[in-house]
Amino acid sequence: MNVRSWLILTFSLPLAACSGVFDSDLAAPQAYVLRLPPAPTPEPNNQAGSVRVQRPDASPGLESERIALLRSGQRFDFYAASRWAAPAPDVLESVIVDTLRGTGSFKAVFDDTAPFSPRYGLRCTLRRFEADYTKGGGAPTVFVALECTLGRSRDRELLASFTAAGSAVAREDRLSEVVVAFESATETAMGELGRAVTAALAIEKPPSEGR
């Protein structure tokens, strides 16, 4: 499932409603996706072959459409009456695809459903994607972290292994501001991912074929 990079924000929800996620009296959840700034038009020079972005694996609790939060005592919870428009790994897969296309490093960037045989493969594990309340003080800090490996598909040669991470403090303890912090933290993580992939390709031999 490919999630388009746009954000539905209909209103702000007070975060006092974040508990009681299983309460049957809750209103229908609002759906959110991430909207990052548009990438600059890439230069078509020195492009590598194609790459497939595998759907990220997820750490426990993150294989979900629910928007995750971390409370004191390492208690994992979810915001009430809100969700991502797709499970978090699908949301991040779409963002990673857009990020790699924006770098201009590849002739083509495919998602995990593409039937083509790419020259490269990028695999990530989603380690953090939650709003952290453990330090108290009202508004949470959002953390996004992915552990990634880039390799050649044909000979399974590992080209790079790296962590792409970002964090951002929400301006207020309101869901609309928390989603903005998710965007900011994800943008930082995607910047690190793009730079790491570009650096790995800079020392990679150019492809000898059109893939």
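In what order do the elements of the protein chain run from the N terminus on? I read them off as β-β-β-β-β-α-β-β-β-β-α. That comes to two helices and nine strands. Helices (H or I, at least four residues) and strands (E, at least two) are DSSP runs, numbered from the N terminus.

**Ground rules.** I am working on a predicted model, where local features need pLDDT of at least 70, side-chain atom pairs count only at pLDDT 80 or more, and totals for chains, interfaces and linings use all residues. Residues are numbered from 1 along each chain as its sequence is written, and side-chain values use heavy atoms, with hydrogens and water left out.

**Whole chain.** I looked up burial next. Of the 211 residues in the protein chain, 48% are buried. Buried means under 20% relative accessible area, exposed over 50%, and partly exposed in between (1.4 Å probe, protein chains only). I then checked contacts, meaning heavy atoms within 4.5 Å. Among contacts with a separation of 6 or more, 74% come from residues 24 or more positions apart.

**Aromatic pairs.** I found seven of them in the structure. Rings of Phe, Tyr and Trp (its six-membered ring) pair if their centres lie within 6.5 Å; planes under 30 degrees apart count as stacked, over 60 as edge-to-face and the rest as tilted.

I started with Trp84 and Phe129. Their pair is tilted, at 5.4 Å centre to centre and 40° between the planes. Trp84 lies in strand β5 (residues 75–84) and Phe129 in strand β7 (residues 120–132), so the pair ties together parts 45 residues apart in sequence. Both Trp84 and Phe129 are buried.

Phe106 and Tyr120 came next. Their ring centres are 5.9 Å apart and their planes stand at 65°, so this pair is edge-to-face. Phe106 sits in strand β6 (residues 106–110) and Tyr120 in strand β7, 14 residues apart. I noted that Phe106 and Tyr120 are both buried.

I also noted a cluster: ring pairs link Trp84, Phe129 and Phe182.

**Charges over rings.** I counted a charge as over a ring if NZ of Lys or CZ of Arg is within 6 Å of the ring centre and within 35 degrees of the ring normal. The charged end of Arg66 sits over the ring of Phe78, 5.4 Å from its centre. Arg128 has its charged end over the ring of Phe143, 4.2 Å from the centre.

**Positive phi.** Most residues other than glycine have a negative phi. Gln74 has a phi near 60°. Gln74 lies in the loop between β4 (66–71) and β5. Ala81 has a phi near 55°, and its place is in strand β5.

Ala81 is buried, at 19%.
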